[in-house]
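Try each task before reading the solution below it.

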Amino acid sequence: MSLIPRGNAFDPFSLDLWDPFDGFPFGSGGSSSGGSLFPSFPRISSETAAFAGARIDWKETPEAHVFKADVPGLKKEEVKVEVEDGNVLQISGERNKEQEEKTDTWHRVERSSGKFLRKFRLPEDAKADQIKAAMENGVLTVTVPKAEAKKPEVKSIQISG
């Protein structure tokens, strides 16, 4: 039995994500039929859907690109920051579900659990070999320094005559 009941469309605190293809054999939802016409489509259960898309801000300063991700309750060991192919920043992690005791009675479950993965293609001026990451108070900050903009070389030409 799932701890998270299906939500009400009029409940503003419902964490369910509407899936227009739920129930179809090719959809991304949790169809109960064993086979799927397109098994390569990712399927996200309602228990992991809310955490699957971790919220990340990306701002650019004159010196760097700064990414901030809200990952409350996670330790730095549970989050990974990687660079793929030299120019793709990948931030991933996982929050495990709380253990369910048979004697416990749950009245509301709003905290999400599951895996998340976000990828960002870095611009050409990013110094991917100098990326730094820090975690404080549930916020992961990834700083990607920028290469200095090359100033055009100006050469004076002597005018004869």
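**Exercise 1. A salt bridge at Lys146**

Which side chain meets that of Lys146 in a salt bridge? Keep in mind as you look that this is a predicted model.

Solution. Step one: find the partner. The side chain of Glu60 meets that of Lys146 in a salt bridge, at 2.6 Å from N to O.

Glu60 sits in strand S1, while Lys146 belongs to the segment after S7, and the two are 86 residues apart, so the pair links distant parts of the chain.

Step three: check how open each partner is. Glu60 counts as exposed because its relative accessibility is 53%, and the cut-off for exposed is over 50%. Lys146 comes out at 15%, which means it is buried, since the limit there is under 20%.

**Exercise 2. The rest of the surroundings of Lys146**

Work out what else Lys146 touches, and which backbone oxygen its side chain reaches.

Solution. Start with the polar contacts. One of 2.6 Å joins the side chains of Lys146 and Glu60. The Lys146 side chain also reaches the backbone oxygen of Thr61, at 3.1 Å.

Now widen the search, skipping residues up to four places away in sequence. Lys146 then touches Glu60, Thr61, Pro62, Glu63, Ala64, His65, Asp125 and Lys127.

**Exercise 3. The other salt bridges**

Solution. Take Lys80 and Glu82 next: their side chains meet in a salt bridge at 3.6 Å, N to O. Lys80 is partly exposed at 47% relative accessibility, and Glu82 is partly exposed too, at 32%.

Then there's Lys119, which forms a salt bridge with Glu84; their closest N and O atoms are 3.3 Å apart. This pair links distant parts of the chain, with Lys119 in strand S5 (residues 114-121) and Glu84 in strand S3 (residues 79-84), 35 residues apart. On accessibility, Lys119 has 46% and counts as partly exposed, as does Glu84 with 29%.

**Exercise 4. Reading the sheet**

In what order do the 4 strands of the open sheet lie, and is the pairing parallel or antiparallel?

Solution. First, a reminder: strands of a sheet pair through backbone hydrogen bonds, in a parallel or an antiparallel way. Here the order is S1-S2-S7-S6, and the pairing is antiparallel.

Next, look for the edges. Strand S1 (56-60) and strand S6 (132-136) are the edge strands, each pairing on one side only. From one strand to the next, the twist averages 15°.

Finally, zoom in on S6 and its partner. S6 and strand S7 (residues 139-145) run antiparallel and are joined by 5 bridges. If you want a landmark, Lys132 stands opposite Thr143 in S7.

**Exercise 5. Ser92: buried or exposed?**

Decide whether Ser92 is buried or exposed, and list what it contacts.

Solution. Locate it first: Ser92 is in strand S4 (residues 88-95). Its relative accessible area is 12%, so Ser92 is buried, the limit being under 20%. Leaving out neighbours within four places in sequence, Ser92 is in contact with Glu78, Val79, Lys80, Phe116 and Leu117.

**Exercise 6. Two positive phi values**

Where do Asp85 and Asn137 lie, and what are their phi values?

Solution. The background comes first: most residues other than glycine have a negative phi. Asp85 isn't a glycine, yet its phi is positive, at about 55°. Asp85 lies in the loop between S3 and S4, and it counts as exposed at 71% relative accessibility.

Asn137 is also a residue other than glycine with a positive phi, near 50°. Its place is the loop between S6 and S7, and at 75% relative accessibility Asn137 counts as exposed.

**Exercise 7. Zooming out**

Sum up the whole protein: its secondary structure, burial and contacts.

Solution. Count the elements: 1 helix and 7 strands, in the pattern α-β-β-β-β-β-β-β along the sequence. Of the 161 residues, 24% count as buried. The protein exposes about 12,700 Å², with carbon and sulfur atoms supplying 52% of that area. For the contacts between residues at least 6 apart in sequence, 52% join residues at least 24 apart.

Methods: Residues are numbered from 1 along each chain as its sequence is written. This is a predicted model: local features need pLDDT of at least 70, side-chain atom pairs count only at pLDDT 80 or more; totals for chains, interfaces and linings use all residues. Side-chain values use heavy atoms; hydrogens and water are left out. Two strands pair if DSSP finds at least two bridges between them. Axes are lines fitted to C-alpha atoms, for helices over the stretch in contact, and angles run from 0 to 180 degrees between N-to-C directions. Buried means under 20% relative accessible area, exposed over 50%, partly exposed in between (1.4 Å probe, protein chains only). Contact means heavy atoms within 4.5 Å. Accessible areas come from the Shrake-Rupley method with a 1.4 Å probe; for residues, only the protein chains shown count as cover. A salt bridge is a side-chain nitrogen of Lys or Arg within 4 Å of a carboxyl oxygen of Asp or Glu. A polar contact is a pair of N or O atoms within 3.5 Å; within protein, one must be able to donate a hydrogen and the other to accept it, and residues adjacent in sequence count only if both atoms are side-chain atoms.
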